[in-house]
Amino acid sequence: MAERVAVGGAGPEATVLQGPQATELSREEKLQLRKEKKQQKKKKRSEKGPLAETPELGSPSESGQLQVAAHLTSPPALADGPNNGEKPAGGKSKAELRAERRAKQEAERAQKQAKKAELSQAATTAKPRLTPTEPPSVVKRLPEHVQMDDPAAQRKLAKKLERQQVPLRQDYGTKVNLFSHLHQYSRKKPLTQQMSIPSTVIHPAVVRLGLQYSQGIINGSNARCIALLEVFKQLIRDYSTPTSEELSRDLVAKLKPHISFLNQCRPLSASMGNAIKFLKKEIACLPDTLREEEAKEKLQDAIDKYLREKILLAAEAISRSAFEKINDNDVILVYGCSSLVNRTLCDAHAKKGRAFRVIVVDSRPRLEGRETLRRLVRKGIHCTYVMINAISYVLPEVSKVLLGAHALLANGSVMSRVGTSQIALVSKAYNVPVLVCCETYKFCERVQTDSFVSNELDDPDDLIVLRKGQAQLGGWAENKSLRLLNLVYDVTPPDLVDLVITDLGMIPCTSVPVVLRVKNVDQ
C-alpha cells in the first residue's frame, strides 16, 4: 500500500504525495529539519545569556505547536508572550522592580550612616577621642631638679615653694648647654646668707642637716640617708597633732616643706628617695585607733628597723659575700671613697686574714680617695695611690676591680661617682673583672642610659686650682666664652659590669628589674 506524506503543513493546503516520490521528499525534509533544529539550538544558547530571566516561549501549548512544526518545512512559530523589554499587562518589569529595591536599600544605608555620624559627633563632644594615626598623649613627670631650663616648670616650682613657705635657692654661674636643665649652686656663701630660712616652718634639725648637705660635710649615699632618717626621727618626736587633724594626714603634710628645703640644699639621692617613700607608706598605714604617742613610737621603731636591716645588716651580708671573691695575693683596684667597699676590704683583712694589695684611684676636684687611703692604711692594708689618668699603667697587674654605687637603675646601669664608667671601660679592655657592691635599698625604678638627662652639678669653683698663689681660671664667670662643668655622677652600662654583690646575693645587672618587682610585691 502506497505511503502518504503531507508536505507544506497540516492544513488543507498541504499536498499529499504518494509512491516513491514521497520517500525521496521525506529524505530532503529530514535533512532540512535537522538543519533547522541546529539553528534553533544555537538561537536558544545565544538568547539564554542576556535573557535568562524572561521566558523564551509561551505556554506549554505553544511549545507543543513547536514540536508539531518540527516535522514540517516551515519554521516554528514563536510564543505570543511578552518580548524583552516589554512590560507585562498588570505591572512593572523586573528590571524596574530591581532598580526600585536597590534605590530603597541605598536610602536606608545612607540613613544609618547619618545616625552613626551623629552619635560619634556627640561622643567626641563629651569625651574627645584620638584618631588611630595620632599618638596618645603621655604625661611625663620629670623631677624638679632636671627642669631648670623650663620657665613654666620653674614658675610652678616657685609657687609650690611659696605655698610651703620654703625659699627658692638661686643658681650660680653659666652652665654648659647640655646641662642647662640642671641646678648649679655655689658653696662660697653659706646657705643662710643665700636664702632666708623660716624657723616657724622648718625644724632646726632639718636646717642644720641642709647646711651640712650644701657645704659637703655629709657625703655618700649611705651617710646622707642615715642622717636624713635620724633627723626625721627627731622631727616625729617633736611633732604634736592638731586637735582637728589626723596624724596620718597632717604628719605627711608637715614633712613636705622639710623635704623641699633639703632638696633645695642639694638634690636628693636615690637612697634618700626610697627612704622617704618607705616613711610615707608607714605613716599612711597607721591605724586610726592608735593614740598619738603609740603611733610616734611605732614610726620611730620602723625607722630603726629600716636602718638596721636595709643599711647595717645589708652591709654585713655584702661583706660576707665578697669574702668569696677576695683571695690571697690579689691586687684589688678601688675608686673614690665607698663606705661599703672600705668595710668589705677591712673585714676581709681583719676577720679572714687575707693578704692582698689595694690600688686606690682618685680624681679631682673632690680627692675622696685620700679618705679611703687613710682608712685602709690604718688597718694595715698595703696600698698604692694613683690618679685616674694612670689606671692604664696599673691595670695589667690588677686581678679585680671593686666599686661602689650611688644607685642601680632599672635597666641594669650603675650610677656612681663620675669616673666610674671610665674605669669600668678600661678594665673591660684589659679583661679585668668589675664587681659592684650595692645594697638593694639603692635600687631605683628610674631608667637611664646616659649621664646627661638626670645628674647633679657641683660648684664649678671647685675646679679652680691655686698654683703658687695664683688661680689660672680666676674670673671665669666674666668670660662669656668659658664655662666650667663639675659633674657629680656618671652612668656605667651593664655590659661593663661582671657582677653585683648585694644583700640578696651575687646577681648580674640584668636581675635588677626582678629585685624591684619582688620588692614591690613585698611592700
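Trainee: Which elements each supply at least two residues of the lining of the second largest pocket?

Mentor: Keep in mind that this is a predicted model. For the second largest pocket, the elements that each give two residues or more are α7 (221-237), α11 (339-350) and β8 (414-417). Helix α7 provides the largest share of that lining, with 4 residues.

Trainee: And how much space lies in the second largest pocket?

Mentor: About 670 Å³. Its lining counts 33 residues, and N219, G220, C337, E368 and R417 are the closest to the centre. Sorted by class, that lining holds 14 polar, 10 charged and 9 nonpolar residues.

Trainee: Let's switch to helices. Why do residues three or four places apart in an α-helix point the same way?

Mentor: The general idea is that an α-helix has 3.6 residues a turn, so residues with that spacing point the same way. For a case here, take helix α14 (residues 420-429), where the buried residues are T420, S421, I423, A424 and S427. They span an arc of only 160 degrees around the axis, which puts them on the same side of α14.

Trainee: Which exposed residues does the face turned away from the buried side of α14 carry?

Mentor: L425 and A429. After α14 comes N431, which has a positive phi, near 60 degrees.

Trainee: Next, rings. What describes a pair of aromatic rings?

Mentor: Two things: the distance of the centres and the angle of the planes. Searching the whole structure gives 4 aromatic pairs. One of them is the stacked pair of F278 and Y306, at 4.5 Å centre to centre with 25 degrees between the planes. This pair links distant parts of the chain, since F278 belongs to helix α9 (residues 270-284) and Y306 to helix α10 (residues 292-323), 28 residues apart.

Trainee: Is F278 buried, partly exposed or exposed?

Mentor: F278 has 22% relative accessibility, so it counts as partly exposed. Y306, on the other hand, counts as buried because its relative accessibility is 7%.

Trainee: What is the arrangement of the rings of Y306 and Y441?

Mentor: Their planes are at 85 degrees and their centres 6.2 Å apart, so this pair is edge-to-face. Y306 sits in helix α10 and Y441 in the loop between β9 (434-437) and β10 (466-467), so the contact ties together parts 135 residues apart in sequence. Y306 and Y441 are both buried. Put together, ring pairs join F278, Y306 and Y441 into a cluster.

Technical notes. Residues numbered from 1 in each chain as written. Predicted model: local features only at pLDDT ≥ 70, side-chain atom pairs only at ≥ 80, totals over all residues. Heavy atoms only, no water. Buried < 20%, exposed > 50% of the residue type's maximum accessible area, 1.4 Å probe, protein only. Arc of directions from axis to C-beta. Phe/Tyr/Trp six-rings, centres within 6.5 Å; stacked < 30°, edge-to-face > 60°. 1 Å grid on protein atoms, 1.4 Å probe; cavity = no way out; pocket = protein on both sides within 12 Å on 5 of 7 lines; lining within 4 Å. Points joined across faces, edges and corners; volume = space filled by probe spheres on them. Nonpolar A, V, L, I, M, F, W, Y, C, P; charged D, E, K, R; others polar.
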